[in-house]
Structures are given as structure tokens and as C-alpha cells.
Amino acid sequence: MRILIHDAQIITMNARDEIVHGDLLIDGSRIAAVGDVGHPGDVDRVISAKGLVAMPGFVQTHVHLCQTLFRGMADDLELLDWLRTRIWPLEAAHDEESVYDSAMLGIGELIRSGTTTIVDMETVHHTEAAFHAIRETGIRAVSGKVMMDDGEGVPPGLQETTEASLEESVRLLEAWHGRDESRIRYAFCPRFVLSCSEPLLTAVRDLSLKYQVDVHTHAAENRDEIALVEASRGMRNVAYLDHLGLANERLILAHCIWLDERERQILARRGVRVAHCPGSNCKLASGIADVPALLSMGCKTGLGADGAPCNNNLDMFHEMRYAAMLQKVTRGALALSARDVLRMATVGGAHVAGLENEIGSLEPGKLADIILLDLRDFHTYPSVGVDPVSRVVYSATRDNVVMSIIHGRIVMEGGVVLTLDHGDVLKRADRSAKRVMRRAFGETGVPSHAVQA
């Protein structure tokens with residue numbers, strides 16, 4: 001299909017940070033021309049974009065689709081208590097249908113708010129259901145099954161043997177990696193050091209090399225977590241991963257808040273990619289990552305909302321503002337500019353996802369992952385004398401996104417996600433949430449220690 005987006009203000013996010021006025025020509029799944037397209041020839045659809053902003057779709061570098069169903073069920077806790085008392089029991093109570101419903105709920109929110117690519121981490125069981133949701137909705141995803149063969153406080157429903165974890169991960173990789181013209185890709189997802197044995201981690205290292213796929217895990221998110229890793233493994237998180245040979249250009253690390261200088265040097269030297277999750281880091285009281293330092297050292301760094309129960313939404317507009325403003329409070333007004341943050345949300349995220357040659361900027365030959373924003377509203381005006389990037393980062397909201405295109409396919413238009421049934425997704429989400437809560441916490445569906453109103 002050939003689509004012409006006509007008369008838009010185009011934030012290209014290319015190497016020259018060009019903002020141009022003109023057209024975008026989509027031919028099949030790729031961008032054929034940007035700006036002055038000349039005579040495009042026959043097109044199947046012309047989209048009038050007069051007054052609209054066209055830009056690359058957002059790339060979220062760390063999300064948990066399987067947790068969307070738990071939104072609002074794990075508030076006001078720090079990381080380890082949040083996992084042990086709420087999230088792990090809920091994940092252990094998942095079934096195939098609830099994982100699918102959770103993924104559909106999350107993807108609907110992501111697409112509606114302009115995210116076109118995710119780096120996703122599922123739970124121990126039923127990951128295939130999430131892959132089916134990813135395929136049906138058209139979102140671009142790097143995803144994988146969580147791996148957990150060790151750890152304190154892990155409920156029986158999440159406990160697995162090393163062999164079973166590896167076998168299921170490889171099975172899923174071979175079934176899904178590269179599906180739908182490589183719109184779907186697989187990554188090995190050991191949860192974090194505290195829930196993974198050394199044999200599991202070294203096997204993941206070897207399998208990542210064999211299959212040439214990414215490893216996606218958490219590190220240095222919480223000070224108590226780091227202390228436990230030091231006590232059990234004899235060194236800090238990143239140093240331990242480097243010791244095992246996992247710190248390399250195929251590793252994606254979420255959070256990286258509490259790094260020492262040696263660990264920062266490891267990340268930079270080894271080409272490790274970082275997912276910064278400022279909203280989640282605030283809500284779990286984890287801390288504020290020194291993102292300017294990572295960027296200055298050349299670390300590829302993107303943004304992610306993490307999961308709905310540690311953020312309560314999956315909105316990249318929120319993450320961009322968190323990212324910029326937290327750095328200003330702690331490191332000065334110039335620490336992270338609007339342009340820096342928008343790059344993290346687009347082309348920087350593409351680097352973290354390993355897709356920088358395919359997405360993240362609007363350039364001929366790249367895949368057509370494009371969003372249109374209508375900034376003609378009270379909260380985004382005036383429009384004259386204002387940097388368009390500032391308008392997107394500091395003023396726009398999810399409601400300004402009027403169209404999302406992924407792989408050349410229109411998946412959201414006029415606020416309606418076209419690849420799922422909105423009402424059905426909401427109804428199924430409530431039904432599955434009720435079932436999972438009862439399975440996790442008994443007939444009341446409430447943890448025994450939770451404070452009741």
C-alpha cells in the first residue's frame with residue numbers, strides 16, 4: 001500500500017535534527033521520501049496533515065505487558081516488597097487468558113499514546129499468549145519470557161528449574177523471533193541477578209551469542225537489591241554481569257540507578273544499552289539515574305514506562321517530562337534538554353532496541369513507524385516562536401496523538417485503535433483481573449496485610 005502524508009511539519013530526528021515542512025511517502029512498510037516528494041505517482045491514500053506534526057513513533061525500551069492487569073494493585077511500596085508481596089503472587093496467578101488480556105490492555109494504551117515499538121519482559125509462564133497479542137495488534141516488539149530459577153520469596157507458581165527455563169525460552173525464540181517480517185523479535189529475559197542462578201546466566205550468555213539475540217534484564221535499581229547481590233555473589237550487579245561475560249553489546253539493562261564509577265565504565269566500554277524508567281523509579285522510591293553521565297560516556301540510553309503497577313500508565317509523554325525535569329532538579333537546568341529527551345524517546349530508543357537502522361527517525365529507506373500529532377489546542381499554544389520539540393516534550397499529551405502507523409499500517413486513527421476492540425479489551429481485563437486477584441490472595445482478592453479503608 002502507498003500512503004502520502006501531505007503538508008505536515010516533520011520532526012525527522014535524523015542525524016542533523018532536521019525539522020522540515022512537506023510530505024511523507026510510504027511505500028509498503030517503508031518510507032520512500034521525506035519533505036519534497038515530487039510527483040509520488042499512484043497512491044492508495046492521501047492523508048491531509050495540514051497543521052499536524054509528523055514524527056517517529058516512540059520506542060519504549062522497558063515495559064512489562066504481563067503486569068498491565070495489576071495497575072493500581074501495588075501502590076506505595078519499594079521494589080523488593082513490591083515484588084514479594086504483590087507482583088510475584090499476581091504473576092504466579094496468571095493463566096494464558098489473563099496474560100493475553102493484560103498484553104492487549106497494555107498495547108492498546110501504548111498505541112493510543114504514540115508508542116510503536118516496545119522492549120517487553122513477560123512473566124515465567126504463558127508468554128506465548130502475549131506474543132499472540134503482539135502479533136494481532138501490529139505493535140513492534142522485542143519480547144521474551146522471564147527466567148527465574150533462584151531467589152528468596154519466589155512463590156511456587158514462578159519457580160522453575162534451570163533446564164525448564166532454558167528449554168522454554170529457546171522454544172519461544174525459535175517459534176517467534178523474526179515473525180511478521182521481523183516486526184517481532186525475541187530476547188532472553190533473566191529477571192535480575194537475585195532470581196537467577198549462575199548456571200542460568202552463563203547459559204543465557206552462550207545462547208545469546210549462538211542465536212545473536214539480545215538479553216534484557218534489570219540491574220542496580222534499588223540499594224537493598226544491590227546489597228543482596230553483593231552478599232550472595234561477591235560483587236555489584238554490573239560488575240557481576242561483566243564477570244560472567246554478559247556485559248556486551250547484546251545486553252539491555254533496565255534502570256541502572258545506583259552505579260559506581262567502575263560500573264559506568266563497564267557499560268560504556270562494553271557497549272551495554274540502558275533503559276531509563278524515571279516514572280517507575282520515582283514511584284518505587286528507587287532513585288534518579290545519572291542519565292547525563294551515561295550519555296556523556298556514549299552509552300546508548302532510551303526511555304521506558306516499566307509496568308503499570310509501578311507507574312500506573314505507559315505514556316511516553318509522562319516519561320519524557322519526568323526524565324527532563326528530574327535531571328534539572330538534581331543536576332541543573334541544562335542537564336537534559338527537550339531535544340535530548342526526544343532523542344531518547346525515538347532514535348535513542350531504537351539504538352537500545354537494536355533497531356537503529358530500521359526505525360527511530362523519518363528517513364527514506366527506514367520502516368514507516370510514524371505518529372501524527374495535532375497540537376492545535378489550548379495547552380500547546382501559542383505555536384509561533386516556539387521550538388516544535390519543546391511543544392512535544394513539555395506541552396503535548398497522549399490526547400494530541402491522532403494517528404499511529406507501524407510497519408506502514410495505520411493502527412490508530414482519530415483516537416481509535418483499529419487492531420483491537422476497545423470495549424472488549426476493557427471487559428476482558430476486568431474479568432481476568434478479578435480471577436487473578438482471587439487466585440493470588442484468596443476470596444477477597446486483597447493481600448492479607450493490605451490496609452483496608
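1. The lining of the second largest pocket is made up, by class, of 4 nonpolar, 3 polar and 5 charged residues, where Ala, Val, Leu, Ile, Met, Phe, Trp, Tyr, Cys and Pro count as nonpolar, Asp, Glu, Lys and Arg as charged, and the others, Gly among them, as polar. Among the lining residues of this pocket are His-177, Arg-185, Asp-214, Glu-249 and Arg-273. A pocket here is an open set of points on a 1 Å grid over the protein atoms alone, where a 1.4 Å probe fits, with protein on both sides within 12 Å along at least five of seven lines, and lining residues have an atom within 4 Å of a point.

2. This is a predicted model, in which local features need pLDDT of at least 70 and side-chain atom pairs count only at pLDDT 80 or more, while totals for chains, interfaces and linings use all residues. Residues are numbered from 1 along each chain as its sequence is written, and side-chain values use heavy atoms, with hydrogens and water left out.

3. For the largest pocket, 13 residues form the lining, and the closest to its centre are Gly-108, Glu-109, Arg-112, His-422 and Leu-426. The largest share of this lining, 4 residues, comes from α2, and α2 (96-112), β18 (416-417) and α16 (422-441) each supply at least two residues; helices (H or I, at least four residues) and strands (E, at least two) are DSSP runs, numbered from the N terminus.

4. Strand β1 (residues 2-11) pairs with β2 (residues 19-27) in the antiparallel sense over 8 bridges, pairing being counted if DSSP finds at least two bridges between two strands. Ile-5 has Leu-24 in β2 as its bridge partner.
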